[in-house]
Amino acid sequence: MLLGLAATVAGTLVPVVGAPVFAVVGGVVLSPLARRRSPAMAPGLHLAKGLVLQLSVVFLGAQLSLRQVLSVGAESLPVMLGSLGVCLLLAWLVGRRLGVPRDLRTLIGVGTGICGASAIAAATPAIRARSNDVAYAISTIFLFNVAAVLVFPPLGHVLELSAHAFGLFAGTAVNDTSSVVAAAGVYGQDAVRYAVVVKLVRALMIIPVVLVLTTLNRRRADLPETSKARLAASLVPWFLVAFLAVAALNTAGLIPVAAQAALHHVALLFIAVALAGVGLSTDVAALRRAGARPLLLGLILWAAVSSTSLGLQYLLAR
């Protein structure tokens, strides 16, 4: 909990880095100490990586109004869906070719294609990912988020993108919200507003992707047959249902603005606490054994999402 609080404060002071990265890195640094005290810390780490992680996803729903899905218009949805489809397909094909473990390539693909740490947080319980894979995926996503903040604004000027076009580009190709704001801010508030809406709508893609991952995980686990109704219910993680319920309440105007802000801060804190638990559970030696191939996969996916977003915008504008 203390590490998560410290990471949240650090993320507020350095928003481009963000609390999730501080939490994971801090946890990894302290993981040798945690492993020596494993029996005493095990219950707390299990709670952080389980219920706290799931609640963080639920509270993120307070930032999303379902009306925003319609407000982004016909232009942005094909770009979002196209870039996500390309990312997930390449994560599977290229990840297998590179020999990246299944869960790790899944987390890197979901994190790159949807919304970074939040998507990884939602996918982790669905596939029961190991802490090592989560830590590596978060670090990879962070690296290319920083690269996007540095590279995308000059690239947008070279390509002579309008504020609207750059907002769509940043919203579909940058993951963390603070990084989206940092990149789009060069183009002014119109670009920032549109980019943030696109980014929030991308978060909805968590739902179908996690449902598919949950289904595949159950099949791999060869769980016993059950009734269709019970099977359908078991395939829907409770926190996704709660996420949608909170988003629906926000859409109906039943969550005050002050409460939205409070829930957003609580969600960020819970994500930091959960990822601190992930970091503390990480086997550093296993990260070294993973090598640079997952990082290469992250680079390929980042370049693919960026080029797909720009390419689809160009094709749709013709």
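Mentor: Helices here are DSSP runs of H or I with at least four residues, numbered from the N terminus. The model is a predicted one, and P294 is found in its helix α17, residues 293-317.

Trainee: What makes P294 count as buried?

Mentor: Buried means under 20% relative accessible area. P294 has 1% relative accessibility, so it counts as buried.

Trainee: Which residues is P294 in contact with, leaving aside its neighbours within four places in sequence?

Mentor: Contact means heavy atoms within 4.5 Å, and by that test P294 touches V100, L104, I108, Y136 and T140.

Trainee: Let's turn to α1. How do you know that the span of helix α1 agrees with its twelve residues?

Mentor: The expected span is 1.5 Å times one less than the number of residues. For residues 2-13 that should give 16 Å, and the end C-alpha atoms of α1 are 17 Å apart, which agrees.

Trainee: Which residues of α1 are buried, and why do we say they line one face of the helix?

Mentor: The buried ones are G4, A7, T8 and G11. Seen down the axis of α1, they fall within an arc of 105°, so they line one face. On the other side of α1 you will find L2, V9 and L13, which are exposed.

Trainee: Now the rings. Why is the pair of F152 and F169 called tilted?

Mentor: The structure holds five aromatic pairs. In the pair of F152 and F169, the centres are 4.5 Å apart and the planes are at 35°. Planes under 30 degrees apart count as stacked and over 60 as edge-to-face, so the rest are tilted. F152 lies in helix α8 (residues 131-158) and F169 in helix α9 (residues 163-173), so the pair ties together parts that are 17 residues apart in sequence.

Trainee: And what makes the pair of F166 and F169 edge-to-face?

Mentor: Their planes are at 75° with the centres 5.9 Å apart, so the pair is edge-to-face. F166 and F169 both lie in α9, three residues apart, about one turn of the helix. F166 is buried at a relative accessible area of 0%, and F169 is buried with a value of 0% too.

Trainee: Which residues form the aromatic cluster?

Mentor: F144, F152, F166, F169 and W302 form one cluster.

Notes: Residues numbered from 1 in each chain as written. Predicted model: local features only at pLDDT ≥ 70, side-chain atom pairs only at ≥ 80, totals over all residues. Heavy atoms only, no water. Helix = DSSP H or I, 4+ residues; strand = E, 2+ residues; numbered from the N terminus. Buried < 20%, exposed > 50% of the residue type's maximum accessible area, 1.4 Å probe, protein only. Arc of directions from axis to C-beta. Phe/Tyr/Trp six-rings, centres within 6.5 Å; stacked < 30°, edge-to-face > 60°.
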